[in-house]
Amino acid sequence: MENARLVLFAALGMVLFLLWQAWQQDYRARSAASTPGSSQSEVVAPASVQPDVPAAPAASAPTAAASSVEGPSAAEARATPTAPADAPRVQVVTDVFRAEIDTAGGTLRRLDLPGYPVSADEPEKPFRLLGNGEDLLFVAQSGLLSAGPAPNHHALYQAERTEYSLAAGEDTLQVPLRWTSPEGLTVTKVYTFRRDSFVIDLEFRVENATASEWRGRPYGQLLRNRPPQGSRLFAYTYTGGVLHNEELRYDKVDFDRMLKGPVTVDGKGGWAAMIQHYFAAAFLPDQAAATHLYGRSLDASRFLVGVVEPEVVVAPGAAGKLDLQLFVGPKVQERLAAAAPGLHLLVDYGYLTILAEPLFWLLQQIQRFVKNWGWSIVILTVLIKLAFFHLSATSYRSMARMRNLQPRLVSLKERYGDDRAKLNQAMMELYRTEKVNPLGGCLPIVVQIPVFIALYWVLLESVELRQAPFMLWIRDLSIHDPYFVLPITMGVTMLIQQRLNPSPVDPIQQKVMMVLPVVFTVFFLFFPAGLVLYWLVNNTLSILQQWVITRQLTKGSAA
């Protein structure tokens with residue numbers, strides 16, 4: 001009976017965990033709708049604690065910009081007039097990007113990923129990560145901060161051409177945008193795209209033809225709206241900002257936190273990112289420099305995170321450069337790790353990262369051999385089952401012994417009725433006599449739970465499984481089974497497992513245990529097929545092992 005209770009509590013805990021994820025997703029969307037909006041059209045990150053560091057840049061609204069609370073001074077505003085809303089845009093095509101750069105501010109307004117279609121059914125339609133529409137506002141803004149003339153993300157640049165394409169045989173593509181002030185300062189903003197790379201180099205080349213030295217600092221910020229409530233029921237993943245440097249490791253700055261007030265971080269290196277399921281964008285400053293990271297809301301639906309680099313001085317008649325990098329693309333761990341220190345953490349496995357990372361590494365090695373993510377999940381599940389074989393065997397032997405005692409436990413229940421104290425005393429005496437540990441079947445299972453949860457997050461977070469086919473009708477392991485064959489089969493395996501386990505003596509517990517497979521099956525109808533496949537294989541292996549052990553013990557007792 002104690003064994004059944006612990007199994008029951010573990011199952012109910014899993015149900016509550018899934019419900020909590022769904023509530024988190026629903027609550028965040030509701031809180032956004034109920035929060036009163038701000039009347040500001042621009043808000044900027046506050047100044048650094050150092051007195052010589054200016055305020056971080058202002059973020060533009062989707063339409064015309066208005067006044068800001070902090071930010072460029074009046075002199076800056078006069079030196080950098082706001083660009084018209086209908087400024088020309090530059091189209092850029094590379095092997096991994098379809099991008100659009102606005103000459104108004106030199107802002108990256110649209111970015112499609114042709115290597116990652118919207119769905120397996122629409123292979124020709126690329127996924128849009130950055131956009132400037134009503135449903136999706138997610139843009140990368142950048143500029144220079146200075147007490148003198150400098151182009152911020154409102155300035156109007158001049159482009160040499162309106163179309164750029166990475167030619168065959170070329171590894172880099174540069175897109176220059178030029179800005180000149182009446183005082184004689186010229187800034188060329190250069191986007192550099194590289195073949196097979198999701199990192200974009202951003203360089204500001206400053207030519208100072210004025211009579212005085214010029215001081216300025218580069219900034220980059222990501223502006224996006226709060227996405228609508230998703231449809232990934234019981235598979236919630238984080239969407240929002242992240243700030244990271246050597247002093248503050250992977251700080252999630254979610255939308256609700258930014259609504260409460262600005263968040264600022266000063267330190268060395270790091271990055272500022274906006275992430276979502278499978279994809280991310282992040283500004284990457286010089287990792288050896290002192291940087292200012294920030295995040296805040298513009299209103300109830302628009303948010304920004306950004307980074308400001310140290311000041312650069314350009315003498316009269318001299319030239320200088322200021323640069324940043326921008327990562328925009330899928331959260332492929334190898335590419336993230338190569339782009340910047342700590343950027344691989346954007347693949348968020350939560351508190352069980354220490355277990356999840358080696359599990360993903362092993363899954364990846366298997367996939368490189370079998371060339372199929374579905375079969376890789378099957379093989380990984382088998383390997384995990386083998387690793388816990390002896391623990392599982394101990395658990396199943398204990399369950400089998402408990403099952404053999406079931407008639408005698410029922411007899412004790414009938415004898416003592418509602419006298420719980422005498423019933424428990426008699427049961428413990430029976431366990432001692434038969435040398436059965438009622439918790440022996442549960443403790444080995446408890447040890448395995450962290451590994452199972454870690455693998456759950458690996459399968460949920462890995463972009464490699466997005467649109468990865470398995471076999472037959474399973475064409476995408478990251479979405480639910482379109483015909484619900486896997487979850488229903490998984491429910492059947494849970495029923496079989498229930499038959500092999502000892503039944504609780506308490507009739508209420510018996511009813512709850514009968515309902516649980518149905519409840520789990522309903523939940524798993526909406527789970528990604530890769531997760532259900534793992535659970536199905538694990539259940540099947542458990543049934544085989546438990547059946548063999550139970551049969552052996554039954555034969556032994558009969559002999």
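The legends below describe close-up views of a predicted model.

**Figure 1. Overview of the protein chain.** The chain has 559 residues, 54% of them buried, and contains 13 helices and 20 strands. Of the contacts between residues at least 6 apart in sequence, 68% join residues at least 24 apart. The accessible surface is about 25,100 Å², and carbon and sulfur atoms account for 59% of this area.

**Figure 2. The aromatic pair Phe97 and Phe198.** The whole structure holds 13 aromatic pairs. In the pair of Phe97 and Phe198, the ring centres are 5.8 Å apart and the planes stand at 70°, so the geometry is edge-to-face. Phe97 belongs to the loop between strand 1 (89-93) and strand 2 (98-102), and Phe198 to the loop between strand 9 (185-194) and strand 10 (199-208), so the pair ties together parts 101 residues apart in sequence. Phe97 is buried, at 1% relative accessible area, and Phe198 is buried at 6%.

**Figure 3. The aromatic pair Tyr456 and Phe527.** With ring centres 6.2 Å apart and planes at 55°, this pair is tilted. Tyr456 lies in helix 10 (residues 443-461), whereas Phe527 lies in the loop between helix 12 (507-524) and helix 13 (529-558). Tyr456 is buried, with 4% relative accessibility, as is Phe527, with 2%. Both residues belong to one aromatic cluster, together with Trp457, Phe520, Phe524, Tyr534 and Trp535.

**Figure 4. A nonpolar surface patch.** Trp375, Met471, Leu472, Trp473, Tyr483 and Val485 form the patch, and their accessible area together is about 630 Å². Trp375, in helix 6 (residues 373-387), is partly exposed, with a relative accessible area of 42%.

**Figure 5. Charges over aromatic rings.** Arg161 lies over the face of Tyr164, 4.1 Å from the ring centre. Lys252 lies over the face of Tyr238, at 4.8 Å from the ring centre.

Technical notes. Residues numbered from 1 in each chain as written. Predicted model: local features only at pLDDT ≥ 70, side-chain atom pairs only at ≥ 80, totals over all residues. Heavy atoms only, no water. Helix = DSSP H or I, 4+ residues; strand = E, 2+ residues; numbered from the N terminus. Buried < 20%, exposed > 50% of the residue type's maximum accessible area, 1.4 Å probe, protein only. Contact = heavy atoms within 4.5 Å. Areas by Shrake-Rupley, 256 points an atom, 1.4 Å probe, with all protein chains shown as cover. Patch = residues over 30% accessible without salt bridge, like charges linked within 9 Å, V, L, I, M, F, W, Y side chains within 5 Å. Salt bridge = Lys/Arg side-chain N within 4 Å of Asp/Glu carboxyl O. Phe/Tyr/Trp six-rings, centres within 6.5 Å; stacked < 30°, edge-to-face > 60°. Lys NZ or Arg CZ within 6 Å of the ring centre and 35° of its normal.
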